[in-house]
Amino acid sequence: MSMVRSDDDKPVNHQSGHMELMNLLPLGMDSDAILADTIHYHSRMLGRRTLYKQEHFLYKALVHATRDRLMERWIETSNKLELSHGKRACYLSLEFLMGRLLRNALLNLDITNETREALDRLGIQLEDIHQQEHDAGLGNGGLGRLAACFLDSCATLGLPVTGYGIRYEFGMFRQRLENGRQMEEPDSWLREGYPWEIERIERARIIKFGGRVTRIKDSLGNLHIDWVDTHDVLAVPYDLPIPGYKNDVVNTLRLWSAAATDEFDLEEFNAGSYTDAVAAKNEAENITMVLYPNAETENGRELRLRQQYFLASASLQDILHDWVRLNGTDFKCFSDKHCFQLNDTHPAIAVPELMRLLMDQHGLGWDAAWQITTSTMAYTNHTLLPEALETWSVAMFEHLLPRVLEIIFEINARFLSEVSHRWPGDLDILRRMSLIQETPEKVIRMAYLAIVGSFSVNGVAELHSRLLKQGLFSDFAALWPEKFNNKTNGVTQRRWLAGCNPDLASLISGHIGSEWVTNLDLLEKLRPLADDRVFQNEWRAVKQANKARLAANIESKTRLVVDPVMLFDVQVKRIHEYKRQLLNVLHAVHLYDRIQRGDGDQLPPRVIIIGGKSAPGYEMAKNVIKLINNVAAVINTDPAMNGRLQLVFYPDYNVSGMELICPAADLSEQISTAGKEASGTGNMKFMMNGAVTIGTLDGANVEILEAVGEENFFLFGLTVDEIPALQEVYDPQAIIDADKDFRRVMRLLDNGHFNRFEPAVLNDVIAAIRDPQDPWMTAADFRSFIDTQEAVGNAYQDQQGWTRMSILNVAASGRFSTDRTMREYNQDIWQLELVSTEAP
């Protein structure tokens, strides 16, 4: 018997007569129905009288028409899940970099052609409507985009997984360049509303901060712990539909927005204190105002901690509320029905918060609560950089979250007791493994907290997982080897091939069928076509059309005219020293120098495209952006470079930008220092769209090389095993002195050739290249990189051979689908039953 929900969130029997939903007919999926609904919303909800080709109102109307069709499936999916009483996974992530949703929704509903036909009747192109959608930039890079891909695959596979995140009012900042420098502007992605979301105010939760902890024994001697005198904030959920591909499953992404419990103090207002009257409202809303406030300030660090606790507490309260509503206060089977996947260290505070909620609000004892917590929490680590593992000062915790801090102390005491039993008398290992780092300012090691509180700890590439066990978390791996496992990342082919590269998708489907959209391993069928001259010509034609589209986009953004015939050499990702955009620029300067000296006749015409954003407080990364733009300004205005070499910094890089860039790339630069990149997913997107990789043996590059073969991958650089010995004797200046090409490059930099009117502006970047303590080993890999890039240029001039490599890269990309990743998570960690496709 099908059930729906009433406003008080209690189940309502369809047969009760209180609801007439059974009489609703399914919405039509044909062009007539889509057109009628779009016009209805455009005129009767939005109040518009005239249709314009490029207007936001028509976009909103089409979203509402599309969302209606999702809503039918969304409700049915929810009904099936509740009736099945099955296990669910909850994916907690501080980032969800969703990008635009309309194209993906139409694709997964299988109504793209019908929608295009409906709009054609209005004289409007569907692509014009897509351009009206703002990117939902609720993430910084690969972490957030990975979370979005995971949700798509979970829905497509029919896995009951709910995403939990934060609805930042201002997402990842908009990047503006001023004299080559990055300037940050607010990303007001909600300024025209967000028609995909549904506010669920009835499911709002109270989040506590500050206050103090009291302990009172009742008449029976039972101890009651209460967290009182707190400053409370309201967490209001907004739900987004996450549709699976052609399977009628729609999962949920729930994003929390902060609001004041009392928005307005009328007494203060009447007394003339207008600012004080709304102070509580402003303080509360600050929590979800901005993605990643600058952690260089004390206020910024405190706000980050508030965000992390806000996400964890609201999400866990939400889940526990549903459990109690359906099962009462019996938690014996709770861990059999739930799994919480922590996406990196940010949500690690969920471990003590679940303990607090179970003990303080639901009356469980420590042992029962700890058994539930350690049976439901699972932790994914995404970094090998020790400095990226979050720590929070004990003093800040004591001020903001006193009750949570008490629980962390107790977890640590019990954990260290276990460690001491395993290694009796070893004080050094107790110090190393303690959740509390005894530095002058005591800090809590959040990654350690996540490990101790989780039953599963996974890395995100084979190399990354091995290095975690051998290095960063070696003590924990020795104590609990059974916890550690690998889950190599992936990307969803629905967005990153079928959606963003429709011409290539159509070409592939025309030759091997379209089943690859849900089974990417079937791309292996392309291998026999790699030497087919006719197919190669069709493949190149698609690539050239994609390059022409990107060239037009670059011209509109930068006024730089790019010839699509050139080799498109692309590195787009977050700007960070370990990703080594600096090494890429050194190669650009090397090519510039060769052409200037008349030594570039054999070089293929090349445009180097670099894009990405630096964290606002990361000065060295911002200096690298300045260097890129200064070098680009010289190269792009030198007549000798015309038609031979260009350098482009792609401004305000985001998901929609990547959807244009990755189908057009010839060469994918994945050049991080070996042992520093956990996985990378841009490498997979480029591979899936036919780019050939130049890269180090780092992250998932190792597995890409294994899949495609050495002959179809340009490998360079030191390995993770070679670096430690070299670091002991590392002398970048000696490397420069011994290499005539490197000397020429450094001479141009030292002489101010790229900053003639800005003395010393590039000094910090130049000094970093020569720094013997440089952990990124930029100088050490220069010669290998230059030589391998020479091999790239030679290979590109054989267009048949290059096209063959391109085809084989796509053919080998099957293992890098998030469908495979999610199956592995489910098999090894979650153990969920699939959502039924039968009617409830």
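This is a predicted model: local features need pLDDT of at least 70, side-chain atom pairs count only at pLDDT 80 or more; totals for chains, interfaces and linings use all residues.
Biologist: Let's start with α1 and α2. Why are these helices called oblique to each other?

Modeller: Helix α1 (residues 31-45) and helix α2 (residues 56-84) pack at an angle of about 125°, with axes 8 Å apart. Roughly perpendicular covers 65 to 115 degrees and roughly antiparallel starts over 145, with the rest counted as oblique, so the pair is oblique. The crossing of α1 past α2 is right-handed.

Biologist: Which residues in α1 and α2 meet?

Modeller: From α1, they include Ile-34, Tyr-41 and Met-45, and from α2, Phe-57, Leu-58 and Arg-69 are among them. The contact is made up of nine nonpolar, three polar and three charged residues.

Biologist: Now the largest nonpolar core. Which residues touch the most other members?

Modeller: Out of 187 residues, those are Trp-196, Phe-397, Leu-401 and Trp-830. Helix α10 (residues 298-327) gives this core its largest share, eleven residues.

Biologist: And what is Trp-830 in contact with, leaving aside neighbours within four places in sequence?

Modeller: Among them are Lys-87, Cys-154, Val-161, Gln-341 and Tyr-825. There's also a second, separate core, with 61 residues, including Leu-107, Leu-520, Tyr-653 and Met-688.

Definitions and conventions
Residues are numbered from 1 along each chain as its sequence is written. Side-chain values use heavy atoms; hydrogens and water are left out. Axes are lines fitted to C-alpha atoms, for helices over the stretch in contact, and angles run from 0 to 180 degrees between N-to-C directions. Helices (H or I, at least four residues) and strands (E, at least two) are DSSP runs, numbered from the N terminus. Angles under 35 degrees count as roughly parallel, over 145 as roughly antiparallel, 65 to 115 as roughly perpendicular and the rest as oblique. A crossing is left-handed if the near helix is turned anticlockwise from the far one by less than a right angle, and right-handed if clockwise. Contact means heavy atoms within 4.5 Å. Ala, Val, Leu, Ile, Met, Phe, Trp, Tyr, Cys and Pro count as nonpolar, Asp, Glu, Lys and Arg as charged, and the others, Gly among them, as polar. A nonpolar core is a set of buried Ala, Val, Leu, Ile, Met, Phe, Trp, Tyr and Cys residues joined through side-chain atoms within 4.5 Å. Buried means under 20% relative accessible area, exposed over 50%, partly exposed in between (1.4 Å probe, protein chains only).
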